[in-house]
Amino acid sequence: MTEQELFAPAASRPETGAAAETKVRREKRPVWSMAVLGLMVLGCVLADVIAAKDPAFMDLMNYTRAPGREFWFGTDTLGRDLFACIWHGGRVSLSIGFLATLLSTLIAVVYGSLSGIASEWMDTLLMRLTEILLSVPGLLLTIFMQAILGPASVWTLSVVIGVTGWFSVAKVIRTEVRQIRKSEYVVASRCMGGGFFHILWRHLVPNFFSAIMFMVVMNVRSAIVAESTLSFMGIGLPLEVISWGSLLSNAERALMTRAWWIILIPGLFLVVMLVCLTNIGNWLRMRANRRERLI
């Protein structure tokens, strides 16, 4: 501590150690975003309880019905109850988001750590390959891979979005690993014969996972957006598989019939979830940055 900091008033001294760590923990959390996101996820998980009606049932006697007592969110152009479709479709969209993020995170962790530990020429080669893939528009790459795999399903979309969504995370992981690869515990583990995956899961991941947590949350958001975009374009999930994206794919017919609720309600749920994920991701990023400055 400098002489000016030592004789400065207590209120103006920079916080260090436990005091600064406590301030980081007490930092204002996005409580509303967490609460709303939690309620939406819970509603999707309990969709069978909340929405007793069959979301796939086509009531042709009540198609394009406005919201009311019988149909709280109205019906779409096929006569399906939008209230049931929202919660069951949200389950599908969230499943794709989480599965794709899990796959992309696993690939990024292994690839980025391998690049960080590897020799200079191998690290350069792996990073140049990552930059080439980053230069290709993500949506174009996703469409290309989905065309190779054939008709879209929950599993194929999860794989396609996951395989095309790890590049940025891998670069961050590589940077973190380059900083800690010469640490005593990593060097000791390698000297004792520890393999790559042993060092990865026991020593590397616990040290950099908090730094990439915000990117993981953002990847969930990106995966949901990608699924909705593909379905809206007509190359995503088939019409019989209900998701928020497939509901929005009816936008053209809804505009022709002036059924505003068919577009507004699914779009509103999608936007609210994306905003909540963005707020939580930004909070995790600021928290990780503050922790790095404290260290």
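Biologist: Before we start, what counts as a contact in this predicted model?

Modeller: Happy to set that out, since the structure is predicted. Two residues are in contact when they have heavy atoms within 4.5 Å.

Biologist: Thanks! Which residues does N219 touch, not counting residues up to four places away in sequence?

Modeller: Start with its place: N219 is found in helix α11, residues 196–232. Its relative accessible area is 15%, and buried means under 20%, so N219 is buried. Not counting residues up to four places away in sequence, N219 touches T101, S104, G165 and V169.

Biologist: V169 brings us to helix α9. What span should its 14 residues have, and how far apart are its end C-alpha atoms?

Modeller: Helix α9 covers residues 167–180, and at 1.5 Å a residue it should span 20 Å. Its buried residues are F167, V169, A170, I173, E176, V177 and I180.

Biologist: Next, how are α3 and α5 oriented to each other: roughly parallel or roughly perpendicular?

Modeller: Helix α3 (residues 31–45) packs against helix α5 (residues 82–117) with the axes 8 Å apart and an angle of about 105°. The contact is made by M40, V41, G43, C44 and V45 of α3, together with W87, G90, R91 and L94 of α5. Those residues divide into 6 nonpolar, 2 polar and 1 charged. Angles of 65 to 115 degrees count as roughly perpendicular, therefore α3 and α5 are roughly perpendicular.

Biologist: One last stop, L247 in helix α12. How far apart in space are L247 and P266, C-alpha to C-alpha?

Modeller: L247 has a relative accessible area of 2%, so L247 is buried. Leaving aside neighbours within four places in sequence, L247 is in contact with R80, L82, C85, I86, I242, I262 and P266. L247 and P266 are 19 residues apart in sequence, while their C-alpha to C-alpha distance in space is 6.8 Å.

Notes. Residues are numbered from 1 along each chain as its sequence is written. This is a predicted model: local features need pLDDT of at least 70, side-chain atom pairs count only at pLDDT 80 or more; totals for chains, interfaces and linings use all residues. Side-chain values use heavy atoms; hydrogens and water are left out. Helices (H or I, at least four residues) and strands (E, at least two) are DSSP runs, numbered from the N terminus. The expected span of a helix is 1.5 Å times one less than its number of residues. Buried means under 20% relative accessible area, exposed over 50%, partly exposed in between (1.4 Å probe, protein chains only). Axes are lines fitted to C-alpha atoms, for helices over the stretch in contact, and angles run from 0 to 180 degrees between N-to-C directions. Angles under 35 degrees count as roughly parallel, over 145 as roughly antiparallel, 65 to 115 as roughly perpendicular and the rest as oblique. Ala, Val, Leu, Ile, Met, Phe, Trp, Tyr, Cys and Pro count as nonpolar, Asp, Glu, Lys and Arg as charged, and the others, Gly among them, as polar.
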